[in-house]
Amino acid sequence: MHEALQYKKNDDGTVTCSLCNHRCTIKEAKHGICGVRWNEKGTLNAMTYAKISAEAIDPIEKKPLYHYLPGTLSYSLGGIGCNFHCQHCQNWHISRATLEDARLRTLDPEEGVRRAIAGRCASISWTYNEPTIWHEYALDMGTPAKRQGLGTVYVTNGYITEEALRELSPMLGAYRVDIKSFSDDFYKKVCGARLQPVLDSAVLARELGMHIETVTLVIPGLNDDMEEMAALIRWVIDHLGPATPMHFSAFHPDYKMVDRGATPVATLEKVYTKAKELGLQFPYIGNVYSHRYENTYCPACGATLIERSGFSSRFTGLDDRQCRNCGGKIEIVRHVS
Ligand code: SF4
């Protein structure tokens, strides 16, 4: 048992968790919405501390992160559970797994750092399932990882509370956040959550100095309305800045959402074009193989800076953080400080 951070004990034996914006009050011998934080006699325990379901060395582009240590490998870990219940979850086999039925291995935080370095990775990513609910473990691994010069990445739904994000900020370098839709109704119906806390966490992550990239899975008939997409893009430009990379990815039928087909590439191209018109410097499309809108172009002169094919990158026009053609500075993290 590993006692949780970010909770308070109540007089009646319940506990209130303040790790994510559900802020569950949990009765004795019960867990919160995420399924992995358990009230044991008035103490909240993080049941999946150091328990992993998945371990891999991925290109960082797979997260996707295109402006944080591009062209490097990221040591990637996943656990089980999630604080969202998305109907289209692509990793439902681990996000919906329970402690009773999951196959989990133990990996100490220090051993995780050693494996990342031995695997010639430039960063560690907590990914595959929601890292917010792995808070204590990510903190214990990320803190020494940062000291040893590694980057640190959350691939997250962004439902973390302000206090938990502030606690993470000394060690967390990149916040790859899903903005699944710009509609609160979508969040309520499809994910069992709310939109505003996600937006608030992204703004705070930026204030705290983290690198941010957003991902929106474009789902036919659910969030592909161009006016709604334009409102989301405007919000990102206004609150996170026009140099924020935004990824618009193709949906494929999965889990409980099999009532519609995959996103047509033409829809993604339309969103990309709209984002450019609105002044976003680095829109990308994703989940389509080898498309020119996966490349990075200089926002000043239009030269190709990074060509991508699958998850591999070729730095055709970028010298460190500078466009080789016009000399313009590009907002991209090449090294961790
Ligand atoms: S992490 Fe979120 S879902 Fe899990 S117990 Fe805490 S408040 Fe509830």
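1. His31 sits in the loop between strand E3 (25-26) and strand E4 (37-40). Helices (H or I, at least four residues) and strands (E, at least two) are DSSP runs, numbered from the N terminus.

2. Some ground rules before going on. This is a predicted model, so local features need pLDDT of at least 70 and side-chain atom pairs count only at pLDDT 80 or more, while totals for chains, interfaces and linings use all residues. Residues are numbered from 1 along each chain as its sequence is written, and side-chain values use heavy atoms, with hydrogens and water left out.

3. On a 1 Å grid over the protein atoms alone, a cavity is a set of points where a 1.4 Å probe fits but cannot get out; a pocket is an open set with protein on both sides within 12 Å along at least five of seven lines, and lining residues have an atom within 4 Å of a point. Grid points are joined across faces, edges and corners, and a volume is the space filled by probe spheres set on the points. There are three cavities of 30 Å³ or more.

4. The largest cavity holds about 100 Å³. Its lining counts 13 residues, with Cys17, Cys20, Cys24, Cys34 and Arg37 closest to the centre. By class that lining has eight nonpolar, three polar and two charged residues. The classes run like this: Ala, Val, Leu, Ile, Met, Phe, Trp, Tyr, Cys and Pro are nonpolar, Asp, Glu, Lys and Arg are charged, and the others, Gly among them, are polar.

5. What takes up the space of the largest cavity? The ligand does; sitting there means that more than half of a molecule's atoms lie within 2 Å of the grid points. Around the ligand there are 13 residues, and Cys17, Cys20, Arg23, Cys24 and Cys34 come nearest, where near means a heavy atom within 4 Å. This shell divides into eight nonpolar, three polar and two charged residues.

6. The largest pocket is about 1,100 Å³. Of its 41 lining residues, Lys63, Gln90, Asn91, Val155 and Arg176 lie nearest the centre. Two or more residues each come from strand E11 (151-156), E12, strand E13 (211-218), strand E14 (246-250) and strand E15 (283-286), and E13 has the largest share, with three. The lining splits into 14 nonpolar, 17 polar and ten charged residues.

7. The second largest pocket has about 290 Å³. It has 18 lining residues, with Tyr68, Gly173, Gly209, Val336 and Ser337 nearest the centre; by class, nine are nonpolar, eight polar and one charged.
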